[in-house]
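Trainee: I have a structure open and a few things to check. Can we go through it together?

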Amino acid sequence: MATDDVPGESDRAGRRSEFSLWPASRKNRVRTAVIGIVVVGYAWAAGATEPFSTISLVCVLIPGVVLAAIAVAWPPERIPPPEKLDITGMFYWVIAVAALFEWEASAWKDDSLPWHPSLTDLINPLLGPHIVKSAAILLWILVGWALVRR
Amino acid sequence: MIMSTRAVTIAGFVLVIAAMFLLEFLARRPGSRIPTVGQWLGYLMRPRIGRVLVLLGWWWLGWHYFAR
């Protein structure tokens with residue numbers, strides 16, 4: 001047929017590896033919705049914990065252990081990494097990351113004096129409200145999941 | 001107006017983080033030579049040790065900001 005050469009939906013490179021927030025089958029949709037509700041509930045509960053408490057440590061340990069177990073025992077379909085990176089393009093990132101570390105290190109070296117606060121000193125007060133901390137924990141878990149898929 | 005040292009420090013963080021968002025935006029443009037965060041992290045995570053270190057870094061961030 002004349003259309004034999006035309007790539008179909010399933011032929012597109014990388015299509016199988018795309019992450020879908022709303023999977024096709026009903027069973028998968030239900031599973032994704034249940035996992036989503038559990039993760040949001042977990043983030044809400046974890047956001048209510050007191051810093052420097054055992055429960056707050058456990059709340060951070062659990063996602064780490066769960067994602068590590070998934071990565072080792074039930075690895076999801078991974079998004080193929082690039083074969084190589086453009087050196088010039090990557091260099092912009094190296095400069096930005098190095099600048100962030102240098103700025104943070106200089107604050108740390110000065111013992112985070114009020115006139116030179118570290119990033120942690122600036123972020124911690126923002127994480128005070130329960131909803132903000134829970135949202136940050138949810139984002140952290142989602143980033144962890146995205147990393148496991150890489 | 002002279003900025004206080006604290007304001008300069010905060011401005012430095014804002015500038016660097018804004019630059020990272022700009023880089024990500026530029027990386028997502030068609031034909032860009034700049035890799036996205038996902039691409040370069042994926043590249044770093046190709047060897048097992050890179051994968052372990054990146055995931056440990058992710059966990060450390062959670063511990064640092066949410067458990068301390």
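Trainee: Where is A:Asp86 found?
Mentor: In the loop between helix 2 and helix 3 of chain A. This is a predicted model, so every value I quote is computed.

Trainee: Is A:Asp86 exposed, partly exposed or buried?
Mentor: Partly exposed: 14 other C-beta atoms lie within 10 Å of A:Asp86. Buried would take 20 or more, and exposed 12 or fewer.

Trainee: Which residues does A:Asp86 touch?
Mentor: B:Arg33 and B:Pro35, if you leave out residues up to four places away in sequence.

Trainee: And how far is A:Asp86 from A:Gly41?
Mentor: Their C-alpha atoms are separated by 41 Å, and the two residues are 45 apart along the chain.

Trainee: Another loop, then. What is the phi of A:Phe52?
Mentor: Positive, about 65 degrees, and A:Phe52 is not a glycine. Most residues other than glycine have a negative phi. A:Phe52 sits in the loop between helix 1 (26–46) and helix 2 of chain A.

Trainee: Buried or exposed?
Mentor: A:Phe52 counts as exposed, because it has 9 C-beta neighbours inside 10 Å.

Trainee: Zoom out. What is the secondary structure of chain A?
Mentor: Five helices and zero strands. Of the 150 residues of chain A, 12% count as buried. Take the contacts in chain A between residues at least 6 apart in sequence: 61% of them join residues at least 24 apart.

Trainee: What about chain B, how many helices and strands?
Mentor: Three helices and zero strands. The radius of gyration of chain B is 16 Å, well over the 11 Å from the globule rule for 68 residues, so chain B is more spread out than a compact globule. Along its principal axes, the C-alpha trace of chain B spans about 50 × 40 × 15 Å. Buried residues are 21% of the 68 in chain B.

Trainee: How is chain B divided into domains?
Mentor: Domain 1 covers 1–34 and domain 2 covers 35–68. The C-alpha centres of these two domains of chain B lie 21 Å apart.

Trainee: Which residues are in the largest nonpolar core?
Mentor: Ten residues, drawn from both chains. Chain A contributes A:Trp93, A:Leu147 and A:Val148. From chain B there are B:Leu23, B:Ile34, B:Trp40, B:Leu41, B:Met45, B:Trp58 and B:Trp59. Helix 5 (130–148) of chain A, along with helix 2 (37–44) and helix 3 (48–67) of chain B, each supply at least two residues of this core.

Trainee: Last topic, confidence. What is the mean pLDDT of chain B?
Mentor: 91, and 97% of the residues of chain B reach 70 or more. Chain A averages 83, with 83% of the residues scoring at least 70. Over residues 1–17 of chain A the pLDDT is below 50, and that stretch has seven contacts in the model beyond near neighbours in sequence.

Trainee: What ipTM and pTM does the predictor give the complex?
Mentor: An ipTM of 0.87 and a pTM of 0.80.

Terms used
Residues are numbered from 1 along each chain as its sequence is written. Chains are lettered from A and ligands numbered from 1 in the order in which they are written. This is a predicted model: local features need pLDDT of at least 70, side-chain atom pairs count only at pLDDT 80 or more; totals for chains, interfaces and linings use all residues. Helices (H or I, at least four residues) and strands (E, at least two) are DSSP runs, numbered from the N terminus. The radius of gyration is taken over C-alpha atoms; the globule rule is 2.2 Å times the number of residues to the power 0.38. A nonpolar core is a set of buried Ala, Val, Leu, Ile, Met, Phe, Trp, Tyr and Cys residues joined through C-beta atoms within 7 Å. Domain bounds come from an automatic or database domain assignment. pLDDT is the predictor's confidence in each residue, from 0 to 100. Two residues are in contact if their C-beta atoms, placed from the backbone, lie within 7 Å.
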